[in-house]
Amino acid sequence: MTAHFNDKTFRFLRALMRNNNREWFLDHKGDYEQHLKAPFQQLMLDLQPELAKISKHFRADPRGNGGSLFRIHRDTRFSNDKSPYKGWQGARLFHERRNELPAPSFYLHLQPGHCFVGAGIWHPEPPTQRKIRQFIVDNPTGWKAAAHAPAIRKRFDLESDEMLTRVPTGFPKDFAYADDLRHRNFVMVRALADSDMTSPGLVKLLARDFSTLAPFVDYLCAALDLEF
């Protein structure tokens with residue numbers, strides 16, 4: 001299979017970060033469409049059959065609007081940084097019921113020097129956090145298999161950038177996985193090299209990663225009353 005991304009993909013993003021303004025972007029919009037957006041849409045098309053083998057309830061949607069791809073435009077309304085564009089492109093391979101209930105997703109992130117793949121639920125609302133934590137307390141054996149099995153921990157880490165300083169109120173401090181209850185996000189990630197993103201074997205690599213992440217996502221779906 002031909003590679004989806006190439007060196008021009010990364011050159012465009014690096015140049016965008018040096019020239020993060022509307023005029024430059026409009027002058028180079030053709031490069032964005034050719035080297036970043038269109039290849040990402042094709043990747044979603046190529047990943048959908050692989051994703052369907054894992055779960056019929058998740059979607060790799062290639063649509064430019066309303067699909068898996070995040071917009072390149074930043075939401076600057078509540079940020080001190082008014083740069084109009086992101087220096088990365090991401091895609092969320094989402095649950096079919098994402099508009100009805102909080103749901104985990106698979107995720108792919110392309111950024112020079114900071115590419116990664118992962119899955120889980122990011123920045124859930126407090127009631128959703130509590131529901132997941134309670135499910136972990138009630139189902140520790142399943143959590144051990146989903147989040148601590150060697151098969152997943154050899155490749156993935158439980159994201160720990162945002163954690164509570166102590167076990168949240170109402171949960172047992174002597175619980176076997178008490179530290180896991182301190183997480184605000186329930187996400188497994190692993191870094192990818194830029195060369196992984198430009199490899200012709202990217203679909204195969206991601207299909208393997210999504211399969212490895214499947215038990216973790218399945219567990220979160222069970223916690224949130226979703227099908228997997």
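The structure is a predicted model, in which local features need pLDDT of at least 70 and side-chain atom pairs count only at pLDDT 80 or more, while totals for chains, interfaces and linings use all residues. Residues are numbered from 1 along each chain as its sequence is written, and side-chain values use heavy atoms, with hydrogens and water left out.

The helices come first. Helices (H or I, at least four residues) and strands (E, at least two) are DSSP runs, numbered from the N terminus. Helix α1, residues 7–18, packs against helix α3, residues 29–54, at an angle of about 130°, and their axes are 9 Å apart. For such values, axes are lines fitted to C-alpha atoms, for helices over the stretch in contact, and angles run from 0 to 180 degrees between N-to-C directions. The angle makes α1 oblique to α3; angles under 35 degrees count as roughly parallel, over 145 as roughly antiparallel, 65 to 115 as roughly perpendicular and the rest as oblique. The crossing of α1 and α3 is left-handed, a term for a near helix turned anticlockwise from the far one by less than a right angle, with right-handed used if it is clockwise. Contact means heavy atoms within 4.5 Å. By class, the residues of this contact are four nonpolar, two polar and two charged. In this scheme Ala, Val, Leu, Ile, Met, Phe, Trp, Tyr, Cys and Pro count as nonpolar, Asp, Glu, Lys and Arg as charged, and the others, Gly among them, as polar.

A further helix pair is formed by α5, residues 140–147, and α8, whose axes come within 8 Å and cross at roughly 145°. Gly142, Trp143, Ala146 and Ala147 of α5 meet Pro215, Phe216 and Tyr219 of α8. The contact of α5 with α8 has six nonpolar residues, one polar residue and no charged residues. Helix α8, residues 202–223, also holds threonine 212. Threonine 212 counts as buried because its relative accessibility is 18%; buried means under 20% relative accessible area, exposed over 50%, and partly exposed in between (1.4 Å probe, protein chains only). Not counting residues up to four places away in sequence, threonine 212 touches Ala151, Ile152 and Phe156.

The aromatic rings come next. A pair of aromatic rings is described by the distance of the centres and the angle of the planes. The structure holds 16 aromatic pairs, where rings of Phe, Tyr and Trp (its six-membered ring) pair if their centres lie within 6.5 Å, and planes under 30 degrees apart count as stacked, over 60 as edge-to-face and the rest as tilted. The pair of phenylalanine 58 and phenylalanine 106 is edge-to-face, because the ring centres are 5.3 Å apart and the planes stand at 75°. Phenylalanine 58 lies in strand β1 (residues 58–59) and phenylalanine 106 in strand β3 (residues 105–110), so their pairing ties together parts that are 48 residues apart in sequence. Phenylalanine 58 is buried at 0% relative accessibility, and phenylalanine 106 is buried at 0% as well. Elsewhere, Phe12, Trp24, Phe25, Tyr32 and Tyr85 form one aromatic cluster.

Strand β3 also contains serine 105, which is buried with a relative accessible area of 12%. Leaving aside neighbours within four places in sequence, serine 105 is in contact with residues including Phe58, Arg92 and Gly118. Serine 105 and valine 187 are 82 residues apart in sequence, and their C-alpha atoms are 9.4 Å apart in space. Phe58 is also touched by glutamine 48, together with Arg59 and Ala60, not counting residues up to four places away in sequence. Glutamine 48 belongs to helix α3 and is partly exposed, with a relative accessible area of 22%.

Two residues remain. Histidine 123 lies in the loop between β4 (115–121) and α4 (126–138), and its phi is near 50°, a positive value in a residue other than glycine. Histidine 123 is partly exposed at 45% relative accessibility. Aspartate 225, in the segment after α8, has a positive phi of about 60° although it is not a glycine. Aspartate 225 is exposed, with a relative accessible area of 53%.
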